[in-house]
Structures are given as C-alpha cells and as structure tokens.
Amino acid sequence: MIPEVIIDQIRDANDIVEVISAYLPLKKKGSEFVALCPFHNEKTPSFYVVPQKQMFYCHGCHKGGDVFKFLCEYEHIHYPEAIRRLGERVGIEVPEDNSESSLKRSVKESMLRIHEEFTQYWHRQLLTSAEGQIARDYLEKRGVSAQSIEDFRLGYAPKLWEDIPVMAQRLHLDMNHLVESGLALARQSDEKNTSGLYGRFRGRLMFPICDDQGHVIAFSARVLYPDDKMGKYVNSPETPLFHKGKVIYGLDRAKREITQKKYSIVCEGQLDLISCHAAGFRNVVAPQGTAFTMDQARLLKRFAPEVVLCFDGDNAGQNAIVKAFDILIKSELSMKVLFLPDQHDPDSFIKAYGAEAFGKLLSTAHQFFDFYLAYLCQHHNKDSDSGRLQIVQAMGEALNKADQPLLTDTYAQKTANLLNVSTQTILDQFKRIPQYSERRYTEIPVSEEIDENDELIDEEEFISPSKQDRWLLKLLLMNESQWNWVSQYFQPEWVENKSVREIITYILDLHTAGEWSQNALLKAFPSPNVQQFLYETLVQTEENIPEKERQLQELLLTLRNKHCDRLLRNVNQQLLKPGISLDEQLQLLQQKERIRQIKSSPLL
C-alpha cells in the first residue's frame, strides 16, 4: 500500500488545471475552466475543472474526481500507476511495498532504458548509415513514408554479431539486463567476442514494440538479406517486460482514437497497421503472436466495447476469426468482420484503391454471426441432413457462448430462412445443445474489491437521494461557518436517505474532531456511485446562492417537521391497533404530545 501521506503530497503538488491542460484545451469561465468532455461525445462543453476544489466533473456523463481519477480515466490505468506517474511529474518518489518489489522495479527500469537506447540507435542507423540503405530501399518499395518511419520509430540493426553488446558497453548499460531483455545471447565460446555475448538482431528492419503507455518493451525484426536463414521475422523472447500474449502492437498510438470511435480495428501485421494509420485509420492495432489471447481482449475492452477483425479472406484468415470468437466473446466484446478482396491485405488494398475505398469497405463490415453462418455453409453441405445438423449445432453452440437472447432469436430466424425450416424448429434444436441456458439474467457482476472497513455505504445500498436531501448536503457544504450550530441541533434521523444521512454525520464528526477535509470525506466513501454523487455535489457548491445560511436553517426546520409528521403517523397507527391496553394508550398519547411540542417549537 502506498502511504496516505505520500498520496496527499502528490495530489497537493499536482495542480489539476495544469495536469488536465496537458491533455485538453481548457477555457476559463469565471472561476472555473471548461472543455469538451473527453469521456463522451458532445458539441457543447459540459466538462468543468474547478481549481478551488482541485476536481473535475462532467455534467453530461457525470464522470468526476480528483487529479488521480482523471489520469485513471483518460489513460486507462490503475490508481497506483496514476499515483506513480504524477509523483514522477513533481519529483516525489513513491516507495515500494518491500525490497523485492523495489529490486524488480529497478531491473525493469534498467531494461526499459536498454530498449529505449537501442530504439534511438537503430533509428539513427536507418536514417543515416550507409548500411541502412537496404532498409530504406525496402521501406520505399513498400510505400512507407518518412513520417511513418518517424512516428513508429522504425530502425535498422547492423549486420554485425558484436554490435549490440559493444554498443551496450559504450552506453554503460547493464550487460546482465541486456541478456535478460533478449537483445543479446551468451556464446558457447567467447574467443571472438570479449564480452562473451552476441546480438539477437542483425541486418534486420526493426519495429519497436511498445506497451499501451508508449514504453518500448520488445522488438520485432524483419528479414532484409536473402542469405538470412533465421525466418521472416525474429521477435524478442518473453522477458520481465514483454509477454507477447498481453501486448498489442500500436495500441499506444491507437488508444485515443479507439476511445473516441468506440471500436478498434484488428489487423495481422505491423506494415498493415502502419499503412492504415498513415491513411487516417488510427484506431487500428495488431496482436502480438499468432492467436488472439484473453489478455489482449481484456486490454482492448478497456478502451472500446467493439472489435472489427480485418484479416485476409483466405481459409487461414477465416479460421483465425473463428478462433478469435471464443476469446472475444468471453471478454464481452462485440465483433464485426471485414474481408478484403482476394490477394489483398490492408496495406496493399489502401495502396491500390486508396483510403476512401478502404473506409467504404469498413462501413460494410459484417456482424460476426452473419459471417459465421456463411462460413458454416461453406464448410458443410446445407442440402444434406448431416450438413444441416452440423450447421445448426455449431451455430447454436456459438450463440450459447454469446448468451444474448436477442441474438439467439435473430440468428435462429436467419438460420431457419437459409435452411428453409421454421424458426421454432431451429430454437428447439438450439435448446438441445448441452448447457443452453438463460444464465445472463441471473448472474451478478463482480465489482472491484473494496476494503469493507473503509466503506460506510455498500454499493448495493446506495439509492439516489431526493432533491431535498441533495439540497441539504449542498447547503451544508456551502455553509462551513454554520457547522457548529448544525452539530448542536441537527438529528441524523431527520434525513430519509441513508447515504446522505451517513455523509452528513461523517462531515460533522470530522468537523468536531478538527479533521475536516474534502479528501478525508472522499476516502471514507469509495463506492463509485457515492463518489459520483459527492463530486457532483462538491462541484455545485461553487455556485452563488443568495441567503444560503437562512435557506439551510429553513430546510433543517422543514426536515425536522417532516420527521415529526412521520413519527405522529406511526403513533396514530399504533393507537388504532386492536387490543391495546389503557397504559399503552396513555404512553402513546404522551409521546404524541411531546412530538407536537417539538414540531411547534423553533429550531434554534
């Protein structure tokens, strides 16, 4: 756990206006700043940054929070990572949990430096060295522009066995970490190399592979020389930095566009991706490895709910799409399929027909189940009994995995029309498939784990407050000078909403203890729904409201009297119960009189 004192220091040192200004063009509006919200599409700015409160809030999508929350939402990172980044921004070091964690982080930082140094070195070799001409000629032949070379930091690794270890020594890099990063390997004999190491990448076009934050963590190297027998591509091995099943090439450059367009396009190769980006399709990514993984699917889902698979239209491409379905559907990503004409990949299609033609083709992308039904009909004879049963079985199994009754009904009809049978017959066949169920409606989503000792209001218990309760909390936060007399006269049971009741009680307790702060309040209520309600209320306390002290007193009086009315109704109901004794009647009547006296008396 990161110490709270460190978190507070980092929050205080990072002015929220300065931080958000690095991402959005803010315009001053009174004492606040406004911008178009980055979290939903809008034409009129509803995204507010309030420097006095050091928070942001969007009145359109209702996202709000402090400087850490903004970074988490905008960069799609976890809270501890946001703390570390903002700590680095202001020069405050975040301590590690233990010495082992500190050591691991130190090794990773060393390896990141190694990757960055060689990215720069190979990029210079590509641009300026005589030997790099072979790579420049290849890129020119493939139509890769100088801008794309710069954007994706492409490079050339010289065709020298010792170049990598020698350069690492010149740069004073850790040689053990050089080997651990996969850039160098140990020789059986060190007769030809004083370091005992040789480079993994030699005479190849280098593609830096970045994590989603833009740190270079690995390389993919394409063959250039005919005598190179190592295969078309040589990639970095698995390392503490790089796990190919968890990395998506180009995501660091595509994530913003993916978030804005609400879908990603997945293609198969680096050059396909570079060509798409150059043509203006900047939401294109490419998975590392030959198959799509669950980790990659989860990573994409952080940025958008839909994926368009743009693979080759041959059998291999179609089979890859079918294999990807199981992974994507488990991650609850919706899928579309884009097929290019025969003999074309995205790169060759764009070069042959242009960006506009690719955009038109993209608009015709098929829903996955439309593709899958056609795919099944290609691989099974729909005119034979066995073929028809195989089509229905496979279609039903896929729809069962999707677990969407609407899709099941839609594609039962389409399958029925294609096979010339009734929709009910197809649905009956689907229900015979093992484990066919309606479980989607009974499952409860698991929310992010929260320390129960820190949370005063459970997520499930939060009920949106009434206008009157909202107004009370807002007036209270605007009248800090009145908290002493509020603490003296206010009774929590006057407030019907449990959440508002607990929040106000906690505010007054903090005030009495001399520990009141906005951050202390927010820490005490980590539930997302409650935090959203608090941020919305805190932002609104900057409004200029006339006679707010008088309004607070009158509202408290109204709430007290409404509470008295509820008590009186309860007493009257008890008096009407059959079999009540005279003593009980007397006690209830005395209680009724006391309630009436309280209601008729002034609050102060």
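Contact is taken here to mean heavy atoms within 4.5 Å, and helices (H or I, at least four residues) and strands (E, at least two) are DSSP runs numbered from the N terminus. The model is predicted, so that local features need pLDDT of at least 70 and side-chain atom pairs count only at pLDDT 80 or more, whereas totals for chains, interfaces and linings use all residues. Residues are numbered from 1 along each chain as its sequence is written, and side-chain values use heavy atoms, with hydrogens and water left out.

In helix 18 (residues 405–419), Thr408, Asp409, Ala412, Gln413, Thr415, Ala416 and Leu419 meet Thr423, Ile426, Leu427 and Phe430 of helix 19 (residues 423–431). The axes of helix 18 and helix 19, as lines fitted to C-alpha atoms over the stretch in contact, come within 8 Å and cross at roughly 120°, with angles running from 0 to 180 degrees between N-to-C directions.

Phe430 also belongs to the largest nonpolar core, a set of 47 residues in which Leu309, Leu328, Phe368, Phe369, Tyr372, Met395 and Phe430 touch the most other members; such a core consists of buried Ala, Val, Leu, Ile, Met, Phe, Trp, Tyr and Cys residues joined through side-chain atoms within 4.5 Å, where buried means under 20% relative accessible area (1.4 Å probe, protein chains only). Helix 16 (residues 368–379) gives the most to this core, with eight residues. Leaving aside neighbours within four places in sequence, Tyr372 is in contact with Val322, Ala394, Met395 and Ala398. A second, separate core of 42 residues includes Ala135, Ile265, Leu271 and Phe358.

Definitions and conventions: Buried means under 20% relative accessible area, exposed over 50%, partly exposed in between (1.4 Å probe, protein chains only).
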